[in-house]
Amino acid sequence: MNDRLVYRLDAFAAFSMGVTLLFVATPLTTLAGWTLPPSFLFGLGVFLVPWAGINVWASTQSPVATSMLLVHLLVDGTWVLGSVALMLAHSDTLSPLGFVMLASQAVSVLGVFSLKLAPSLRLRLAR
């Protein structure tokens, strides 16, 4: 997959999800069935909107700077680990929908992580 396309798709996903979380944090918290306050999801929305802009900027770079790649891998890796941690910490209260939301986030972001890492690995293997 084209490096630029990965960052553009990530930007679209981050913006869409961020705006959604800004508007439906409270009902989504209730549907998820966890004990975290709605402000947690709202805060994620506040993070994701500018993160989308960073992804758009990264999609214009050819190639993406190593430092930018490392930031993306750190954020994406943290997102995956955070999703898994939330599933474990709230397993007794999570609704089935909450579990599916967290698990799909973890799997999706892990896929994006892999797509961002792949070009770097290809370059190293080519050397």
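## Terms and basis of the model

The structure described here is a predicted model, in which local features need pLDDT of at least 70 and side-chain atom pairs count only at pLDDT 80 or more, while totals for chains, interfaces and linings use all residues. Residues are numbered from 1 along each chain as its sequence is written, and side-chain values use heavy atoms, with hydrogens and water left out.

## Overall architecture

The protein chain holds 4 helices and 0 strands, where helices (H or I, at least four residues) and strands (E, at least two) are DSSP runs numbered from the N terminus. Read from the N terminus on, the elements run α-α-α-α. Taken along the principal axes, the C-alpha atoms of the protein chain fill a box of roughly 50 × 25 × 20 Å. Of the 127 residues in the protein chain, 34% are buried, a word that here means under 20% relative accessible area, with exposed meaning over 50% and partly exposed lying in between (1.4 Å probe, protein chains only).

Helix H1 covers residues 3-32. A straight helix of 30 residues would span 44 Å at 1.5 Å a residue, whereas H1 spans only 33 Å between its end C-alpha atoms; the expected span is 1.5 Å times one less than the number of residues. H1 bends by about 85° at Val24, with a proline, Pro27, following within four residues, and the bend at a residue is the angle between axes fitted to the seven residues ending there and the seven starting there.

The buried residues of H1 include Val6, Tyr7, Asp10, Leu21, Ala25 and Ala32. Just after H1, Gly33 takes a positive phi of about 80°.

## How the helices pack

H1 packs with helix H2 (residues 38-59) at an angle of about 165°, their axes lying 7 Å apart. Axes are lines fitted to C-alpha atoms, for helices over the stretch in contact, and angles run from 0 to 180 degrees between N-to-C directions. H1 and H2 are therefore roughly antiparallel to each other. The residues of the contact of H1 with H2 divide into 21 nonpolar, 6 polar and 3 charged, with Ala, Val, Leu, Ile, Met, Phe, Trp, Tyr, Cys and Pro counted as nonpolar, Asp, Glu, Lys and Arg as charged, and the others, Gly among them, as polar.

The axes of H2 and helix H3 (residues 66-89) come within 12 Å and cross at roughly 155°, which makes H2 roughly antiparallel to H3.

Pro63 lies in the loop between H2 and H3, and the peptide bond from Ser62 to Pro63 is cis, with omega near -5°. H3 has 24 residues and reaches 34 Å from its first C-alpha to its last, close to the 34 Å expected at 1.5 Å a residue. Among the buried residues of H3 are Met68, His72, Asp76, Trp79 and Met87.

Ala118 lies in helix H4 (residues 96-126) and, at 25% relative accessibility, counts as partly exposed. The C-alpha atoms of Ala118 and Asp3 are separated by 9.1 Å, although these residues are 115 apart along the chain.

Leu115 also lies in helix H4, and its 38% relative accessibility means that Leu115 counts as partly exposed. Leu115 and Leu31 are 84 residues apart in sequence and 31 Å apart in space, C-alpha to C-alpha.

Note on methods. Parallel < 35°, antiparallel > 145°, perpendicular 65-115°, else oblique.
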